[in-house]
Amino acid sequence: MGQTPAQKAAQAARGQQPKKRPGKVQREAIKRAQAAKKKAGGGRPAAKKAVPLPRGSVRAAYPGTCPACFKDYAKGEVITKVTDGWGHPGCAPRQMSAAEREFARNKARIESGETFRGQKLSGWRRGASPSSTRPAR
């Protein structure tokens with residue numbers, strides 16, 4: 001609202017200057033400065049991004065003791081399922097991939113003598129073709 005000349009004179013007498021609205025150039029400069037501050041990360045701190053946990057792991061809701069190594073872990077520390085409960089991820093047995101399990105299974109079969117050749121008799125005869133080994137009808 002506008003002030004009367006008497007009010008302006010009274011403010012001047014008290015030492016107060018009337019507030020002036022910044023000009024267009026100044027307003028644009030202020031907007032640029034605010035945008036640069038926002039872009040640079042100034043102002044309110046941004047929320048921290050949650051780091052994804054390894055599969056099967058959680059953050060401890062309360063402090064406890066690892067049953068594998070008997071060392072304590074603090075509240076909020078990453079823990080995973082171990083043999084007798086929850087503990088450090090390094091104390092848990094390593095899970096094998098499907099290819100590693102298949103390899104181990106095949107290796108055990110070969111070492112025990114249970115191979116394809118050991119299971120099936122061959123119809124081949126030395127010096128003869130497979131067709132001549134079949135009984136004639």
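**A loop histidine and its surroundings**

Tutor: H88 sits in the loop between β5 and α3, the latter being residues 98-111. Keep in mind that this is a predicted model.

Student: Is H88 buried or exposed?

Tutor: H88 counts as buried, because its relative accessibility is 15% and the cut-off for buried is under 20%.

Student: What is H88 in contact with, leaving aside neighbours within four places in sequence?

Tutor: H88 is in contact with C66, C69, K71, D72, Y73, E77, T80 and V82.

Student: T80 is on that list. What is the bridge partner of T80 in β5?

Tutor: The partner of T80 is G87. Another bridge into β5 pairs K81 with W86.

Student: How many bridges join β4 to β5, then?

Tutor: Three, and the two strands run antiparallel. β4 covers residues 78-82. Together β4 and β5 form a hairpin, with two residues between them.

Student: What order do the strands of the sheet have?

Tutor: The order is β1-β4-β5, in an open sheet of three strands with antiparallel pairing. β1 (57-59) and β5 (85-87) are the edge strands, and each of them pairs on one side only. On average, neighbouring strands of this sheet are turned by 40° against each other, direction ignored.

Student: Changing topic. Where is P63?

Tutor: P63 is in the loop between β1 and β2, with β2 at residues 64-65.

Student: What does P63 touch, beyond residues up to four places away in sequence?

Tutor: P63 touches Y73, A74 and K75. Y73 is also among the contacts of H88.

Student: And how far is P63 from G76?

Tutor: The two are 13 residues apart in sequence, and their C-alpha atoms are 8.0 Å apart in space.

Student: Now the helices. How many residues has α2, and what does it span?

Tutor: α2 runs over residues 24-39, which is 16 residues. From first C-alpha to last it reaches 23 Å, close to the 22 Å expected at 1.5 Å a residue.

Student: Why say that α2 lies largely in the open?

Tutor: Because the number of buried residues in α2 is zero, out of 16.

Student: Let's zoom out. How many helices and strands are there in the protein?

Tutor: There are five helices and five strands. Starting at the N terminus, the elements run α-α-β-β-β-β-β-α-α-α.

Student: What share of the protein is buried?

Tutor: Of the 137 residues, 9% are buried. H88 is one of the buried residues.

Student: And what share of contacts join residues at least 24 apart?

Tutor: It is 9%, among contacts between residues at least 6 apart in sequence.

Student: Last one: what does the accessible surface come to?

Tutor: About 12900 Å², and 56% of that belongs to carbon and sulfur atoms.

How values were computed: Residues numbered from 1 in each chain as written. Predicted model: local features only at pLDDT ≥ 70, side-chain atom pairs only at ≥ 80, totals over all residues. Heavy atoms only, no water. Pairing = 2+ DSSP bridges. Helix = DSSP H or I, 4+ residues; strand = E, 2+ residues; numbered from the N terminus. Axes fitted to C-alpha atoms, helices over the stretch in contact; angles between N-to-C directions. Contact = heavy atoms within 4.5 Å. Buried < 20%, exposed > 50% of the residue type's maximum accessible area, 1.4 Å probe, protein only. Areas by Shrake-Rupley, 256 points an atom, 1.4 Å probe, with all protein chains shown as cover. Expected span 1.5 Å × (residues − 1).
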